[in-house]
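This report goes through one protein model by kinds of side-chain contact. Keep the sequence and the 3D view open while reading.

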Amino acid sequence: MLTVHSSLSHSLLSLLSLSRLYNPLNQKPHARKQTHETPKEKPIMEERPETELISIPATPRASTPEILTPSGQRSPRAMAREAALGTAKSWTPTSFISPRFLSPIGTPMKRALVNMKGYLEEVGHLTKLNPQDAWLPITESRNGNAHYAAFHNLNAGVGFQALLLPVAFSFLGWSWGIIALTIAYFWQLYTLRILVQLHEAVPGKRYNRYVELAQAAFGERLGVWLALFPTVYLSAGTATALILVGGETMKLFFQIVCGPHCSSNPLTSVEWYLVFTSLCIVLSQLPNLNSIAGLSLVGAVTAITYSTMVWVLSVSQQRPPTLSYEPISMPTSTASVFTVLNALGIVAFAFRGHNLVLEIQATMPSTFKKPAHVPMWRGAKVAYVFIAMCVFPVAIGGYWAYGNLMPSGGILNALFGFHSRDIPRGLLAVTFLLVVFNCLSSFQIYSMPVFDSFEAGYTGRTNRPCPIWVRSGFRVFYGFISLFIGVALPFLSSLAGLLGGLTLPVTFAYPCFMWALIKKPVKYSFDWYLSWVLGWLGIAFSLAFSIGGIWSMVNSGLKLKFFKPPS
């Protein structure tokens with residue numbers, strides 16, 4: 001015992017420094033062994049100095065609990081008693097930051113870690129961000145909200161395609177027309193929900209563009225092959241069709257305002273296309289997707305207004321005397337089948353905007369506590385309630401007013417053709433002007449993915465953001481290229497059934513496949529069956545509607561007159 005007490009005295013003199021006393025790593029391993037080798041018959045009081053040297057409490061003894069410390073660990077007194085009785089287990093420090101006998105409340109490093117964890121949870125710093133996204137139009141501004149989501153979705157979801165729904169009803173009839181429209185609406189609402197959820201399906205990754213999500217689900221090459229063409233058409237092709245529709249509507253507006261006795265020389269269709277394109281190019285100088293939220297609001301309000309005015313004005317007028325609600329009959333059963341398929345393609349084409357869902361959601365901030373899918377889905381639900389209030393009355397009211405006499409151009413042409421003399425010119429002029437405003441607004445949101453692709457190529461090559469003059473040059477170039485395509489292919493707006501079939505997978509099929517491949521629901525579960533069945537049905541309908549659209553073009557004798565727009 002004299003030898004043991006002599007060694008303990010030397011150890012006490014060498015541990016007078018406070019930092020050495022508080023650091024458990026400075027304890028000698030053999031000192032712990034001596035504690036365990038103490039015979040049981042020795043008094044506890046004789047070993048108290050040794051145990052005090054092994055673990056000095058961080059707080060005064062009077063404030064240290066008998067059993068537990070504030071951190072939930074064993075009290076030094078209990079540990080000393082167990083050591084004296086020979087029942088204590090060997091203890092090795094597990095952390096340099098928070099030793100077990102220290103309270104984390106009083107540890108500065110522990111407080112710093114807690115604060116950093118809270119910061120990361122608040123701002124979502126762990127999300128992997130691409131530095132290039134800060135330079136691109138879709139993702140350079142991330143201050144969107146549920147209101148912006150509602151504006152963008154409503155502006156993208158309602159357009160001139162909805163005006164063609166009575167044409168589909170003239171081939172389908174009342175029952176099948178309403179059934180097809182209802183199924184299509186809820187089907188695309190389900191796939192919209194899927195896309196919103198898949199935006200952040202992988203922790204730490206945001207899929208900001210439709211093609212990116214397709215690559216994550218189908219693979220790098222296959223994803224590009226499957227999604228690139230339909231999304232490019234739904235962006236660039238829709239913009240070209242908007243130039244044709246907007247230019248023709250401006251021409252009709254001028255004819256209504258000017259009247260039959262106008263002495264001025266009217267502009268040709270190509271000149272009206274040029275006027276409309278120039279207005280689109282001026283508005284396209286807004287830098288990013290969030291900056292056009294005001295335009296999307298204008299587009300949403302005008303879409304709701306002119307859709308309501310069109311069907312209300314049609315229903316309020318006397319119906320044509322030769323009207324019939326029997327579906328248009330075809331000479332053969334084969335012709336009837338293809339006609340029905342083309343009509344279903346028109347119904348599918350009426351629901352658009354899914355190629356922009358991820359891009360709209362990319363403009364919103366996202367954190368662990370407040371993910372972006374919450375405000376996005378809240379805004380999308382409001383938007384699609386208004387979309388239903390537009391498309392269903394237009395389809396049903398238009399078919400009730402004109403029946404199978406509906407012209408192929410849609411309800412707007414029917415209103416002008418049947419009631420141009422019955423309705424006050426002011427109301428007609430306002431209706432056509434609202435259509436023009438909606439086309440101008442829709443052009444901006446549908447063109448934004450193309451602007452984003454142009455600038456992504458530039459920034460990827462130069463590793464710096466686009467200067468203002470380069471960005472403006474891209475948008476002027478794109479506007480006039482769209483005008484050139486519209487003049488070269490003036491029949492583009494008449495291919496609704498064919499284009500509806502070709503682009504149908506983006507809305508109805510691909511989201512179901514991507515959900516099954518990324519989320520991987522339990523095999524043979526309801527979710528698994530629903531995803532795969534809807535996905536393959538969408539592909540089958542796409543092929544069938546495309547064939548029906550081609551047959552309808554051939555049967556109706558549509559002449560593909562290149563570079564010959566209407567005068």
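The sections below cover salt bridges, aromatic rings, a surface patch, cysteines and backbone angles in this predicted model.

## Salt bridges

Side chains of opposite charge can pair when their charged atoms come close. In this model there are seven salt bridges.

One of them joins R471 and E140, with 3.6 Å from N to O. E140, at 29%, is partly exposed.

A second salt bridge is made by E455 and R475, at 3.3 Å from N to O. E455 is in helix α17 and R475 is in helix α18, so the pair ties together parts 20 residues apart in sequence. What is the relative accessible area of E455? The value for E455 is 1%, and the residue is buried. R475 is buried too, with a relative accessible area of 1%.

E200 and R206 also form a salt bridge, and their closest N and O atoms are 4.0 Å apart. Here E200 is partly exposed at 24% relative accessibility, whereas R206 is buried at 8%. Elsewhere, salt bridges connect D133, R209, E212 and D452 into a network.

## Aromatic rings

The model has 23 aromatic pairs. In one of these, W187 and F508, the ring centres are 5.2 Å apart and the planes meet at 75°; an angle over 60 degrees counts as edge-to-face, so this pair is edge-to-face. W187 is part of helix α8 (residues 165-198) and F508 is part of helix α19 (residues 496-518), so the contact ties together parts 321 residues apart in sequence. Both W187 and F508 are buried.

Y524 and W528 make another edge-to-face pair, with 5.1 Å between the centres and 65° between the planes. Is Y524 buried or exposed? Y524 has a relative accessible area of 55%, and is therefore exposed, the limit being over 50%.

Rings can also join in groups: F443, F451, F454, F474 and Y478 are linked by ring pairs into a cluster. In a contact of another kind, R319 lies over the face of W400, 4.1 Å from the centre of the ring.

F541 is located in helix α20 (residues 526-555). With a relative accessible area of 33%, F541 is partly exposed.

## Cysteines

How many disulfides are there? The count is zero. C439 gives an example: the closest cysteine sulfur to its own belongs to C280 and is 8.4 Å away, which is too far for a bond. A disulfide would need the two sulfur atoms within 2.5 Å. C439 is buried, at 2% relative accessibility. C390 is likewise buried, at 3%.

Most residues other than glycine have a negative phi. Which residue has a positive phi of about 60° although it is not a glycine? N463 does. N463 is in the loop between α17 (425-462) and α18 (468-488), and it is exposed at 60% relative accessibility.

K520 also has a positive phi, of about 50°, and is not a glycine. K520 lies in the loop between α19 and α20. Its relative accessibility is 60%, and K520 counts as exposed.

## A pair distant in sequence

V232 and Y446 are 214 residues apart along the chain, and their C-alpha atoms are separated by 9.8 Å. V232 is in helix α10 (residues 220-258). V232 has a relative accessible area of 44%, so it falls in the partly exposed class.

Note on methods: Residues numbered from 1 in each chain as written. Predicted model: local features only at pLDDT ≥ 70, side-chain atom pairs only at ≥ 80, totals over all residues. Heavy atoms only, no water. Phe/Tyr/Trp six-rings, centres within 6.5 Å; stacked < 30°, edge-to-face > 60°. Helix = DSSP H or I, 4+ residues; strand = E, 2+ residues; numbered from the N terminus. Buried < 20%, exposed > 50% of the residue type's maximum accessible area, 1.4 Å probe, protein only. Lys NZ or Arg CZ within 6 Å of the ring centre and 35° of its normal. Salt bridge = Lys/Arg side-chain N within 4 Å of Asp/Glu carboxyl O.
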